[in-house]
Amino acid sequence: MAAPYLTLEDVMEHEIEIKRSRFICALAPAASEEAARRFVAGRRRLYGDATHNCSAYVIGGDRLVQKADDDGEPGGTAGTPMLETLLRRGLGDVVAVVTRYFGGVKLGAGGLIRAYGSSVGKTLDLTPLVEMVPARVMSVTVDHVQAGRLENDLRASPYEVREVVYGAEVGFRIAVREAELPVFPGWVATHTAGRAEVGAGERVYLRKI
């Protein structure tokens, strides 16, 4: 079974100061790598006069896409500790950008690693997070006579209706949390007098309820 992960619903920004250097961290939800890159580009435009705009992002509940960028800081001292903080906290579908204004005092490699990781960590401490749990997109096919009532029952249930397609029969695409998968076929059978076809599709993630 796939593991849950945490993400955020809105942008959060927090600033810390270390030896006169300013570290401004911004976190944002990012459902795709393209969205993460857009956010990074936007922060770099906003703080174009900064010494560095370092970034890290983790995309997908399976964490298959991971990227860290030091933006001119010594290799491995900025983007990597930012990324490691996101992963250690169990985040997914998230992008972090830490903007640094140099304060005149060098921090050294160890100091930079602590500063960038700490900037992300302290911002996460202030950020409301939501838990996303694995789910499966299920297909349900019924005749037109039953479709209207079934749709009403589905929309009143914990299951998420993603698509309804009308043809010779009516097909529903419904996201079902993995914990509820064992009971879903029985639920459908009860609400359709056993006259529906149920199939399983791709994995997705839904907010925990």
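Predicted model: local features only at pLDDT ≥ 70, side-chain atom pairs only at ≥ 80, totals over all residues.
W187 belongs to helix α5, which spans residues 184-192 and in which F184, W187, V188 and T192 are buried. Seen down the axis of α5, these buried residues fall within an arc of 115°, so they line one face of the helix. The elements against which the buried residues of α5 pack are β7 (129-142), α4 (144-155), β9 (170-177) and β10 (197-207). Just after the helix, A193 takes a positive phi of about 55°.

F184 is buried, with a relative accessible area of 0%, and together with W187 it forms a stacked aromatic pair, in which the rings lie 6.4 Å apart centre to centre with 10° between their planes. Because F184 and W187 are three residues apart in helix α5, about one helical turn separates them.

F184 also pairs with Y159, this time edge-to-face, at 4.8 Å centre to centre and with 80° between the planes. This second pair links distant parts of the chain, since Y159 lies in the loop between α4 and β8 (160-166) whereas F184 is in helix α5, 25 residues away. Both partners, Y159 and F184, are buried. Taken together, Y159, F184 and W187 form one aromatic cluster, and the model holds six aromatic pairs in total.

The other part of the picture is the largest nonpolar core, which has 22 residues and in which F23, L27, M82, L86, V98, Y116 and V120 have the most contacts. At least two residues of this core come from each of β3 (21-29), β4 (52-59), α2 (79-88), β6 (94-101) and α3 (108-125), and the largest share, five residues, is supplied by α3. M82 shows how such a residue is surrounded: leaving aside its neighbours within four places in sequence, M82 is in contact with C54, S55, A56, A96, V97, V98, Y116 and V120.

Notes:
Residues numbered from 1 in each chain as written. Heavy atoms only, no water. Core = buried A, V, L, I, M, F, W, Y, C linked by side-chain atoms within 4.5 Å. Buried < 20%, exposed > 50% of the residue type's maximum accessible area, 1.4 Å probe, protein only. Helix = DSSP H or I, 4+ residues; strand = E, 2+ residues; numbered from the N terminus. Contact = heavy atoms within 4.5 Å. Arc of directions from axis to C-beta. Phe/Tyr/Trp six-rings, centres within 6.5 Å; stacked < 30°, edge-to-face > 60°.
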